[in-house]
Structures are given as structure tokens and as C-alpha cells.
Amino acid sequence: MRDLELSCGLPPGPDFADLAVLAEELGYSRVWIYDSAPLWEDPFVHLALAARRTTRIGLSTAVLIPGQRSVMTMASGIATVARVSGGRFRACFGTGFTARLAVGRRPMTLDALADYMTALRRLLAGETAITDDKPVRMMHASGLTAPRPIQVPLWISVFGPRGTALAEKVADGVIGPPHPVLPTATIISGTVLDPGEDRDSDRVREAIGPWRVVDWHNAYAKGGAEAVDALPGGRAWRAALEELAPEEERHLLTFEGHVTHLPDRDRRLLDHIDLKTMVGDASRVGRSLARLADLGFHEVVYTPSGPDVARELRAFATAHRQRPAADR
């Protein structure tokens, strides 16, 4: 049975470095940071702060959005975090579904993502890349950043046959379905129950709610009124949102509080969310984690949310230790 790394994913904000320190103490393999300029602070700043306060835990991104930074700006940021973390950094990229829709833009195409990552890899290697029809290169003088080549694994978050094929060409690993060749991570939400606690308790709903209501956000963003109205409570959720803004501004509200907070319209969905997946006592959650290893995943990125993220991190680390012995 494959061993399974347990990592965690957190938004860039005032508590990130403190939680990264706690995750290291609890034995998490890596802390992944989100990237969405309309929703959170800058991830590179918080990665650098966390790097200075930790010594072992890996640092990664889930996921960087190319459209938010030029490829040269991205290369410089990656080089900075790689240096201050002593080589503990992994950069993962995606097409920017939430981050781009939240500013009224469609996600970038897979071809555009591939071109961006190819140019980035060349820059980090110390080579010349072509961007905006012009040759560019990292020209940092000796002592101003790490010497090239800068060895940072570049991962990609992709799904479907085209994404699988692309990953093998441009990436060192994948967030998505198990890849036939590359190491693969999956992102999960959930919570470990307290002794005697019911899974439909208010605490459970508050803890997992910010992630579980994302299904309604995505349905509205992808398929509009028809798609979200087909979900339980979706019609009322949409009506509450659409009362607040004209059509041309509703993209500003769709992802409000995304995976961290519950606006009132999202809180009304808590009676409809999934209360079973990765929700249970430590032993049950541990068995669920073991099954992910059986499916071919190398790493699980646990994304705690709710009012007590530190509690969630501690409880999930305990569950990971209680997974079946054959998986250790």
C-alpha cells in the first residue's frame, strides 16, 4: 500500500505563518497557500514570512494564477521564496477558475497555461524566454537571488484527458485525478468529530460549510440560473444574490467569502451540504485517508475552514496517524 503524505491548504492572511508553524509541529508534510487577488492577500509575502518561522515543512501554492502576474514577475517571486525557504518551495499552477471569474474574466486556456509554464521553466533555468514577442531573461546579479538554474518543482492543477496529457509535458506533479506517471495530490475538506458529537451538529456545519457551499458558487458561475436552481436551496440563494447587484456586477458576489467565510445567503445552504465525506471520528477519517492512497494519490491537501482552524489541523493530524497500519 502506498504511503500518503498529509498536507494542509490555507488562505494568505494574518494567521498564515502562525498556522504554518502549528502544521509543522503537527507533522504535516507541506502547507499550500491559495492565490486569488480579489479574495486574499499576496501569497508570496506570506510564504516568505512562514519560511522564516519554519525549518522543515514544505511550502507550496494551490494554485498560482498566471493571469495575475507576468511570467517574469512570477519567476522573481518563485526565486525569492525558494531562496528564503532553503529549497522547500513547490509552485503549482492552474487556469484560474475562481480568481478570474471573480474579476469578470474567463479561465485561461490549457494552451495558454502550457505556454506560460514553459516560459517560466526557461527563466528559472537561466535561459532566455519569449514573452509578448520579446526575449526576456532573469538578469539578477550575483548575490541578488539564487544562482540559476533555480530548482523548484513546477506542478499543475488539471482535469480530463487533455489536462493529463499536458501535465506530462510541462509539470513535475499534478493536483487532480491520479496521474499515470506523475505524483498526484488531491484537495479535501472535512472535520473530525469530538467524542459523542453528531455529524449534523452546528459545529460541523460551521467547520466545513465554507468549502461545501462552493458547489453552489461554481454552479452559478458555470451554468447560471438554471444550473444553480437545480441544486437544493439554489433558487433562494440566487435570488438573495441577484437582489444585491445588477447583472454586470454579480460576479463580484458569487465567490464572496470563498472557502473561508459564510455570507448570510451561504449560511442558508448549510442544511443542504454534504455532511458525510471526510466527516467522522478519527478512526473513520483515517480509514478514508487510507482509501485515497489505494486510489493512487501521493498526497492529501486538507483544507480546514470555520471558526477554529487550529483545532481542525490538530484533529486531522490525529486521524492521519490512526489510518490503517498498512498505509504507514
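Author: The largest pocket holds about 1,400 Å³ of space, where a pocket is an open set of points on a 1 Å grid over the protein atoms alone, with protein on both sides within 12 Å along at least five of seven lines, and where lining residues have an atom within 4 Å of a point. Its volume is the space filled by probe spheres set on the points, which are joined across faces, edges and corners. This is a predicted model, in which local features need pLDDT of at least 70 and side-chain atom pairs count only at pLDDT 80 or more, while totals for chains, interfaces and linings use all residues. Residues are numbered from 1 along each chain as its sequence is written, and side-chain values use heavy atoms, with hydrogens and water left out.

The lining of the largest pocket is made of 46 residues, and those nearest its centre are Phe 97, Thr 98, Ser 157, Phe 159 and Asn 218. Two or more lining residues come from each of helix H4 (97-101), E9, H7, helix H8 (214-229) and H12, the helices (H or I, at least four residues) and strands (E, at least two) being DSSP runs numbered from the N terminus. By class, 23 of the lining residues are nonpolar, 14 polar and nine charged; Ala, Val, Leu, Ile, Met, Phe, Trp, Tyr, Cys and Pro count as nonpolar, Asp, Glu, Lys and Arg as charged, and the others, Gly among them, as polar.

Just after H12, Gly 296 takes a positive phi of about 115°.

Helix H7 (residues 202-212) contains Arg 205, which is buried, with a relative accessible area of 15%. The side chain of Arg 205 reaches the backbone oxygen of Leu 270 at 2.7 Å. Leaving aside residues up to four places away in sequence, Arg 205 touches Asp 200, Leu 270, Asp 271, Ile 273 and Leu 275, a contact being heavy atoms within 4.5 Å.

Note on methods
Buried < 20%, exposed > 50% of the residue type's maximum accessible area, 1.4 Å probe, protein only. Polar contact = N/O pair within 3.5 Å; in protein donor to acceptor, adjacent residues only side chain to side chain. 1 Å grid on protein atoms, 1.4 Å probe; cavity = no way out; pocket = protein on both sides within 12 Å on 5 of 7 lines; lining within 4 Å.
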